[in-house]
Amino acid sequence: MGVRKRETADARKEANKSIAFAKLNNCPTSPRKMRIVADLVRGQKVELALNILRFNSKEASNKLEKLLLSAIANWQAKNAEESLEDAGLIVKEIRVDGGAMLKRLRPAPQGRAHRIRKRSNHVTIVLGSNNNTQSN
């Protein structure tokens, strides 16, 4: 490997050390319902986001809480020497994309059929430290 390539790879590794992410694929909830809960925690501090998700009554909040805890664990695995409280982690990005759709048919009157679309979604959470967002 060349020197320039190694230097850019090391710089990329250092930049990626401050962020952590987690993905949830094929979650059997409609993307619209999941986005309502995701909008509540976007840009919030991690501790506040966990409290919001823990005390929200929607079903999607349980899945997002578990995903957020996974992203926090991923950050701790990358940064073993740093403490979580001092890092000032925030939910930098949360993205809800549509997933695969199960198509079913329901019988309707007069020999017809109505299509039922059972939607799913993909959720991505990116955590970043508060210190980096202020300097950029």
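Predicted model: local features only at pLDDT ≥ 70, side-chain atom pairs only at ≥ 80, totals over all residues.
Let me begin with Glu59, which is exposed, with a relative accessible area of 53%, where exposed means over 50% relative accessible area, buried means under 20%, and partly exposed lies in between, using a 1.4 Å probe and protein chains only. Residues are numbered from 1 along each chain as its sequence is written, and side-chain values use heavy atoms, with hydrogens and water left out.

Glu59 has a partner, Lys63, and the two form a salt bridge in which the closest N and O atoms are 3.3 Å apart; by salt bridge I mean a side-chain nitrogen of Lys or Arg within 4 Å of a carboxyl oxygen of Asp or Glu. Both residues lie in helix α4, four residues apart, which is about one turn of the helix, and Lys63 counts as partly exposed at 23% relative accessibility. Helices here are DSSP runs of H or I with at least four residues, strands are runs of E with at least two, and they are numbered from the N terminus.

How far apart are the end C-alpha atoms of helix α4? They are 30 Å apart, which agrees with the 28 Å that its 20 residues (59-78) should span at 1.5 Å a residue, the expected span being 1.5 Å times one less than the number of residues. The buried residues of α4 include Leu64, Leu67, Leu68, Ile72 and Trp75.

Now to the other salt bridges, of which the structure holds five in total, counting the one already described. Side chains of opposite charge can pair when their charged atoms come close. Arg42 and Asp39 meet in this way at 2.5 Å, N to O; Arg42 is partly exposed at 39% relative accessible area, and Asp39 is also partly exposed, at 45%. Asp97 pairs with Arg95, with the closest N and O atoms 3.8 Å apart, and Glu93 joins these two residues in a network of salt bridges.

Finally, please look at Lys103, Arg115, Arg117 and Arg119, which form a positive surface patch. Patch residues have over 30% relative accessible area and no salt bridge, with like charges joined within 9 Å and nonpolar side chains (Val, Leu, Ile, Met, Phe, Trp, Tyr) within 5 Å. Arg115 lies in strand β4, residues 113-118, and is exposed, with a relative accessible area of 56%.

Note on methods: Areas by Shrake-Rupley, 256 points an atom, 1.4 Å probe, with all protein chains shown as cover. Lys, Arg positive; Asp, Glu negative; His and termini not counted. Charge placed at Lys NZ, Arg CZ, Asp CG, Glu CD.
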